[in-house]
Structure formats: structure tokens, C-alpha cells
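Dear colleague,

I am handing over the structure we spoke about, and I would be grateful if you could look through it before reading my notes. The notes follow below it.

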Amino acid sequence: MRPISECLKLSFVIPLYNCLPLTQAMLASLRATIPAGLAHEIILVDDGSTDGTREWLATLTDPSCRIVLNEKNLGYAAANNRGAALARGEFIALLNNDLVLTPNWLEPMLDLHNRLGAQAGLISNVQLNARTGTLDHTGVFIDHKGKPQHDRTPPSDFRRRGQDWRMVDLVTGACVLIRRELWQQLGGFDQRYHNGCEDIDLCLRAKAAGHANAVAFRSVVRHHISASPGRKLRDEANCYRLTLRWRGELAQIGLPAWCRRFLEWDLNAATKPSVSTSVLAYTLHLRRTPPPAALTGMEAAIAFEIARWEKMFGSGDVSSK
């Protein structure tokens, strides 16, 4: 008989912090959409909930569920890391507890990972706002200030070209698939981030290691966005840490957004026509290399943000911010 670790295909890792009704609905949707015959485990990590979540977890009798109770609230990165450290599956699926999983959400992600093979990094999907039904995520881009933002480009824009997936630099960690071996190689989430930018940092490390992050358009889930209490409290400190570590990479990834912003705001201003022409050509993919003005502008925008953060937090280490 093969060891359990060799039999399990997938480990679902779900950090919990309050929001019990959303957790219950999410788990029900997960159970209803797991493909028949898929060997799996569900690892639920409670991060110090005080709303009855722990009492509810004690009632779960499903043998596929494994429960982890943190003595205090450690944050998103640490909770995921603790759950993933116990995972035995070939793949890890990181899932927020405020998702609503729809039929056939998982299969396209597994299929895309298989198509990319050893090149595969983090595989994500299309995410809709659970309250409004509007599109919330088809990847993450870096804006003209060097900050991560959700890309909401409709999948139909790509499907018209025959694409049911696309390669991206970054994805959200709310619903993501990664091979466990790669997760271990990358070291999981950096716990110096607290409830923000952990996923972006992990994507950048996967990319730096030569892996491709991607979005599967045939996989669609709904997401109660930022439902956990205190989700946004440390956004500025997290962005500061991310930028200090990945300044050059963020500038490169943000070039398309900077160019679009330039054209929106400066095309009719008193700028050199040659600059506008080169920026437009790059934006339309008629020029492969970014114009020097774009890189200079992007670097200046990031320098401005760093100076602002230094006034807020001071320079250097932001681990206590």
C-alpha cells in the first residue's frame, strides 16, 4: 500500500478568522464542487476566531477535514503557512473562507497547470464580486504608482482570440493552485507581511525562479471581497515592504499602466510629440522595448511613494509597522 502522501492529489488550505456564516457557505460549496473520486484533504486553520467558529469546527465529523487552532491571531500569511506545512497532497489550493465555489471551478485550474507542466507557478481564475456579480479579478497588475491592483479585463477580450487562459505576472491568493513542491521551494508566504501583499510577493518569487503565473478563464468563483475584520489596516506598510524588496521588478511590470496613464492625461499637454509617439507605439505593441521616458516616469512615481512611506514609517525595516 502506498503512503497517504502519495495517494492524495490535492490539499485545500483555508484560513479562518470569524465570518462563520461565510465559512459555512464556503465549505458547503467546496464539498459540492470537488470532482468525484479526487483524493483530497481539507485543512481548516482557525486564526483566533471569537464568533463561534471554533465551536462549529468541533462539530465537523468529515474525515477529510483536518482542524488547526492557532492560539492567537497570527495573520493571513502565518495561518496559510501553518496549514500548508501539514498538507500531504501533490497540489495545494489556497482558498479564502469568503469564497462561493461554483461547479467546475477546479478542473480548469488543474488542466492549465498540467498544460504548463514544470513551468507552472501560481494558477488562479476569474473572480466575481459575490454581492454584485461584477468582475473583480482576471489577474493583478502594477499601476502607474507601482502598486498592485486587480485587473478586471473581461475574459471575453481574450476568448475572441481563442484564449481560455493567459499568462500574468501576478494573481491574488484568494483562490490559487500551486504544486506543493514549489510552495516548499519558495518557502510559502513571507510572514513579515500582515494581511496584504503576501500573495504578490510569492508571485514575484515564483516568477524570479522561472515559473509562469496564469489565470484560467474557464474557472469562475464568487468572492465576498475583504470580508475578514481588519483586512485593510496595514495596506500601506505592506506596500512599503513590497516596494523596498521588489522596486526594480515593480517598475518594469508597471510600465504598461504608466504608459496608459501618460496617454490619458498628457497626450494633449505640452509634451514632446516624440515621447507621446513612442509611448503610444509601446502601448499598442508596435514597439517591443519601453521608451526611456516611461521607465524614468515609473521610477519617479515609485520614488515618490517611498518618500511618502518614509514620512509615515521611517526608513528601513517595517516589520513592526
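Predicted model: local features only at pLDDT ≥ 70, side-chain atom pairs only at ≥ 80, totals over all residues.

Asparagine 195 has a phi near 60 degrees, which is a positive value in a residue other than glycine. Most residues other than glycine have a negative phi. The residue is buried, because its relative accessible area is 15% and the cut-off for buried is under 20%. Asparagine 104, in the loop between E5 and H5, also has a positive phi, near 65 degrees, but at 38% relative accessibility asparagine 104 counts as partly exposed.

**Aromatic pairs**

Searching the whole structure gives seven aromatic pairs. One of them joins phenylalanine 12 and tryptophan 105, whose ring centres are 6.3 Å apart and whose planes stand at 50 degrees, a tilted arrangement. Phenylalanine 12 belongs to strand E1 (residues 10-16), while tryptophan 105 is in the loop between strand E5 (99-101) and helix H5 (106-116), so the pair ties together parts that are 93 residues apart in sequence. Both partners are buried, phenylalanine 12 with a relative accessible area of 0% and tryptophan 105 at 1%.

The rings of tryptophan 258 and phenylalanine 262 are 5.3 Å apart between centres with 20 degrees between their planes, and so this pair is stacked. Here the two residues share helix H10 (residues 255-266) and lie four residues apart, about one turn of the helix. Residues three or four places apart in an α-helix point the same way, because there are 3.6 residues a turn. Tryptophan 258 is buried at a relative accessible area of 15%, and phenylalanine 262 is buried at 8%.

Of the 10 residues of helix H4 (residues 76-85), eight are buried, so the helix is largely enclosed by the rest of the structure.

**Strand E6**

Strand E6 (residues 120-129) is mostly covered, with nine of its 10 residues buried. E6 pairs with strand E12 (residues 212-223) in the parallel sense over eight bridges, and one of the partners is histidine 223 in E12, which faces asparagine 129 as its bridge partner. E6 is also joined to strand E7 (residues 135-137), antiparallel, by two bridges, and leucine 128 has leucine 135 of E7 as its bridge partner. E6 and E7 form a hairpin with five residues between them, and glycine 133 in the turn has a positive phi of about 80 degrees.

**Salt bridges**

Aspartate 164 is partly exposed at 23% relative accessible area, as are arginine 115 at 45% and arginine 218 at 40%.

Aspartate 190 and arginine 245 meet in a salt bridge of 3.4 Å, N to O. Aspartate 190 lies in the loop between H7 and H8 and arginine 245 in helix H9 (residues 235-253), so the pair ties together parts that are 55 residues apart in sequence. Aspartate 190 is buried at 12% relative accessibility, whereas arginine 245 is partly exposed at 39%. Both belong to a network of salt bridges that links Asp190, Arg192, Asp201, Arg205 and Arg245.

**A nonpolar surface patch**

Finally, Leu280, Leu284 and Leu286 form a nonpolar patch on the surface, with about 310 Å² of accessible area together. Leucine 286 is in the loop between helix H11 (273-283) and helix H12 (292-313), and at 69% relative accessibility leucine 286 is exposed.

With best wishes

Methods:
Residues numbered from 1 in each chain as written. Heavy atoms only, no water. Phe/Tyr/Trp six-rings, centres within 6.5 Å; stacked < 30°, edge-to-face > 60°. Buried < 20%, exposed > 50% of the residue type's maximum accessible area, 1.4 Å probe, protein only. Patch = residues over 30% accessible without salt bridge, like charges linked within 9 Å, V, L, I, M, F, W, Y side chains within 5 Å. Areas by Shrake-Rupley, 256 points an atom, 1.4 Å probe, with all protein chains shown as cover. Salt bridge = Lys/Arg side-chain N within 4 Å of Asp/Glu carboxyl O. Pairing = 2+ DSSP bridges.
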